[in-house]
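Subject: Structure for you to look at

Hello,

Here is the structure I promised to pass on. Please open it first, then read my notes below.

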Amino acid sequence: MSRRRIVFVTFAIATAAIAFSLDFGTLNTQGAFGAVRSLLTGFGSPDLRPQTLGRVLTLAAQTLAVAILGTGLGAALGLLVAMVGATASVHGHHGPGRRALAELLRLGLDGLRAIPDFAWALALLVVLGPGPLTGAFAIALSVTGILGRAFGQLLESVSAARVHPVERLAGSPLAAVVYGRLPHIAPAAWSYGLARLECSIRNASVIGIVGGGGLGAELFEELGYGRMDRVATLLLALVALTASADIGSSILRRRLGAGGPRTQRSARLCAFLVFVASLAWLTPAAATLLDALSRMDARVASESAARLLQPDLSAQTLGEVVRGVGPPLGLAWLSMTAATMFALAVLPWTSTIVRGRARGAAAADATLAIAGAWVLRGAALLARAVPEVAWLLLFAAALGMGPTPALLALSLHASGVLVRLFTEAVDDRFVAAPRRDVGAGAGIGWLVYAALPRLRATLATHAGLQAESNLRSAFTLGILGAGGLGNAFHSAISYWQLERASTLALGMLVVFVGLDRLGRRMSRLGG
Amino acid sequence: MRDAVELEGASVRYPDGRGIENLTARLEAGRTVALVGPSGAGKSTLLQLIAGSVAPDSGRVCTLGQPIAELTGTPYRVACDRVGLLAQADDLTPGLSVLHNVFAGRLGRWSAARALRNRFWPRADDRRDAASALASAELADRIDADPAELSGGERRRVALARLAFQAPALWLADEPTTGLDVRLRADMMDLLLRMVRDRNATAVVALHDLELLRCDFDEIWGLRSGELSFARGAETVSEDQLGVLFGSGR
């Protein structure tokens with residue numbers, strides 16, 4: 001058997017095994033029909049009274065401010081940590097001490113990254129109380145981990161030859177990074193930051209469910225009361241917000257990529273102004289936060305912190321971690337597989353360039369194909385504009401809470417993301433390619449024989465990153481009741497069993513870091 | 001006068017057979033020397049030896065009185081600061097304005113705090129010094145430009161201004177006029193030599209374009225197959241010697 005076939009068979013067996021191991025049996029299909037009907041009725045007549053609309057607009061603005069504040073803080077912190085970490089690779093400055101520091105920082109970033117912003121919000125809630133700033137800080141912690149790692153990799157990937165003239169001279173390694181490496185990575189860093197802001201807007205729109213402010217809290221409440229007309233209004237506002245962030249960030253990233261340093265200078269200024277505006281918007285919340293902090297008992301706080309630092313290592317809790325790891329892993333794996341297959345399957349219709357190659361067929365077919373493409377792209381936009389958490393709540397309203405709605409939510413959202421990434425990968429890479437490849441003309445033939453083989457590494461990277469993101473989301477969905485570690489973490493925090501919560505968070509960290517290192521080793525072997 | 005460069009039986013051997021073989025030479029401080037020879041003769045390797053980025057396999061190399069390749073830590077960086085490099089390729093940092101590219105020349109002398117401050121709010125005196133370095137490279141009006149907006153010749157002159165701002169005691173340049181059009185090459189070389197003389201510095205310049213020997217060098221060193229075939233005053237080198245060096249017998 002060839003190596004590729006072995007990989008394929010292993011993959012299939014693992015997928016099947018995981019699918020069977022998850023408990024999908026607890027479906028509440030009896031009430032499903034009625035729930036779906038009341039949802040649809042709600043969407044048929046959303047609540048559009050002026051005071052509701054005003055409230056929704058305020059909440060949407062708050063969501064945006066939370067996302068911008070969180071991403072801005074996280075990006076700044078992440079950049080700082082990445083720069084300090086990168087000093088270990090500066091010419092003439094790498095000693096064992098510096099390397100140890102870099103490794104320590106990397107581990108810290110992994111920790112921030114492994115624990116989803118929902119879990120951070122739960123932990124911060126204990127100290128800060130509910131409010132938009134709690135959400136902003138939770139997002140900032142998670143973004144610090146994600147962007148810190150991404151910026152660090154970018155900084156280390158700058159070729160030594162390009163920065164040699166600066167690094168040879170530099171007396172301080174930090175100055176070497178600022179003058180030598182940072183300017184090189186600026187365009188890519190902007191692009192990463194904008195992509196992350198887009199995700200943060202999505203997350204901020206639901207983080208209110210655990211006390212983070214914004215649209216989420218209200219959405220959760222109205223769903224609970226069954227007021228579907230208001231749910232519809234809130235969801236429409238949410239989709240409008242996230243979809244415009246999606247489209248806006250695409251346009252901005254393209255413009256930043258094409259523009260020179262002057263564009264970047266104005267981008268820096270704009271980003272700063274927007275950040276300050278969000279800060280100003282959330283100032284009223286700061287008063288509440290300060291109030292909560294002033295009322296906080298310092299003794300209780302330090303006691304709680306000490307308890308969090310002493311994980312509960314009893315056999316029972318460790319067993320809970322081991323059992324809890326399965327569901328999120330399985331959900332992440334299955335949803336990644338489903339989404340990848342779906343995105344590949346629709347690629348012939350979503351990709352402009354594949355359609356362009358297939359042209360020459362009858363004009364009516366072409367019109368149909370274009371219409372189909374727009375429908376697919378629109379559906380993908382909707383699928384990714386609604387965050388996994390909101391999909392989960394909707395599916396759970398129909399099917400009851402459990403792994404099934406979680407799998408549907410994760411797969412749907414990830415499909416939306418991957419359709420966009422795969423389509424962009426094909427269209428960006430081959431936009432100006434001459435038509436002299438094999439199978440020229442035939443759209444699908446060209447895709448399968450010429451385009452996909454060349455893009456395998458890119459697509460695999462996208463799918464891998466999506467799997468990581470799905471794992472994080474699977475923990476999050478667990479917090480809301482879909483099972484697994486997240487569920488246990490939520491109950492531990494709710495019952496103030498901080499040692500147990502700490503062990504469970506460590507469990508998330510170990511799984512996450514283990515998979516990350518494994519993935520990196522595998523990609524190194526493959527490359 | 002003290003020697004700026006001192007090589008005693010220095011050898012470097014690369015796996016492909018190139019390198020420097022048992023080279024002995026000295027260069028007095030304040031002199032300018034042109035390094036000529038066919039490609040693969042070892043000009044770049046010799047410059048790397050002098051800069052300390054390559055250690056000799058045998059023999060001894062002393063630059064400004066120190067064996068740079070053997071130094072580490074602060075003494076190494078201090079030595080690097082006193083030896084300026086002008087690379088063959090355009091090595092400006094993109095996305096960094098001309099001013100900050102010039103600032104990079106003094107990173108060796110600035111504290112981390114000063115370097116970081118100057119990246120965002122340049123001190124008036126540092127900006128003035130950088131402006132005067134740029135003025136000496138005839139680029140005073142491009143101080144806030146981006147390297148991407150400059151012509152190839154202007155970019156090379158920014159690299160020169162960066163060196164002027166660094167003000168090293170020894171200037172090492174590896175074919176600094178590569179990629180420039182014929183008319184600009186002599187201008188660039190004249191500018192380089194003028195800057196070196198104005199600062200009483202020493203310079204070693206590797207050349208592939210023999211036309212540039214008309215510029216005002218004090219000495220010419222001829223390299224062939226990793227060996228020094230001659231080292232003498234510029235006015236005493238004959239066309240025949242150059243012909244032998246390049247094996248053309250002209």
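How many salt bridges does the structure hold over all chains? The count is 39. Keep in mind that this is a predicted model.

**Chain A**

Chain A has 21 helices. The chain runs to 527 residues, and 49% of them are buried. Look at the contacts between residues at least 6 apart in sequence: in chain A, 81% of these join residues at least 24 apart.

**Where chain A meets chain B**

On the chain A side, 22 residues are in contact with 32 residues of chain B. Together the two chains bury about 2200 Å² between them. Carbon and sulfur atoms account for 59% of this buried area. How many salt bridges cross the interface of chain A and chain B? The rule finds zero. Polar contacts do turn up: five residue pairs between chain A and chain B, with both residues at pLDDT 80 or more.

Which helices of chain A supply at least two residues each to the side that touches chain B? They are H7 (160-169), H8 (173-204) and H11 (261-281). The largest share comes from H8(A), with seven residues. Sorted by class, this side of chain A has ten nonpolar, eight polar and four charged residues.

**Salt bridges within the chains**

Side chains of opposite charge can pair when their charged atoms come close.

Begin with A:Arg181 and A:Glu167. Their closest N and O atoms are 2.7 Å apart. A:Arg181 sits in helix H8 of chain A and A:Glu167 in helix H7, 14 residues apart. Are these two buried or exposed? A:Arg181 counts as buried because its relative accessibility is 3%, under the 20% cut-off. A:Glu167 is also at 3%, so it counts as buried too.

Next, go to chain B. The side chains of B:Asp91 and B:Arg162 meet in a salt bridge at 2.8 Å, N to O. B:Asp91 lies in the loop between strand S5 (83-86) and helix H3 (98-103), while B:Arg162 is in helix H6, so the pair ties together parts that are 71 residues apart in sequence. B:Asp91 is buried, at 13% relative accessible area. B:Arg162 is buried as well, at 7%.

The last pair is B:Asp216 with B:Arg197. Here the closest N and O atoms are 3.3 Å apart. B:Asp216 is in the loop between strand S7 (202-206) and strand S8 (219-224) of chain B. B:Arg197 belongs to helix H7 (residues 182-198) of chain B, and the partners are 19 residues apart. B:Arg197 is partly exposed, with a relative accessible area of 30%.

Some salt bridges share partners. In this way A:Glu198, A:Arg202, A:Asp246, A:Arg384, A:Arg420 and A:Glu424 are joined into one network.

**One more arginine**

Finally, find B:Arg156 in helix H6 (residues 152-166) of chain B. B:Arg156 is buried, at 6% relative accessible area. What does B:Arg156 touch, not counting residues up to four places away in sequence? The answer is B:Ala87, B:Gln88, B:Ala89, B:Pro176, B:Thr178, B:Leu180 and B:Met188.

Best wishes

Key. Residues numbered from 1 in each chain as written. Chains lettered and ligands numbered in written order. Predicted model: local features only at pLDDT ≥ 70, side-chain atom pairs only at ≥ 80, totals over all residues. Heavy atoms only, no water. Contact = heavy atoms within 4.5 Å. Buried area = accessible area lost by both parts, 1.4 Å probe. Salt bridge = Lys/Arg side-chain N within 4 Å of Asp/Glu carboxyl O. Polar contact = N/O pair within 3.5 Å; in protein donor to acceptor, adjacent residues only side chain to side chain. Helix = DSSP H or I, 4+ residues; strand = E, 2+ residues; numbered from the N terminus. Nonpolar A, V, L, I, M, F, W, Y, C, P; charged D, E, K, R; others polar. Buried < 20%, exposed > 50% of the residue type's maximum accessible area, 1.4 Å probe, protein only.
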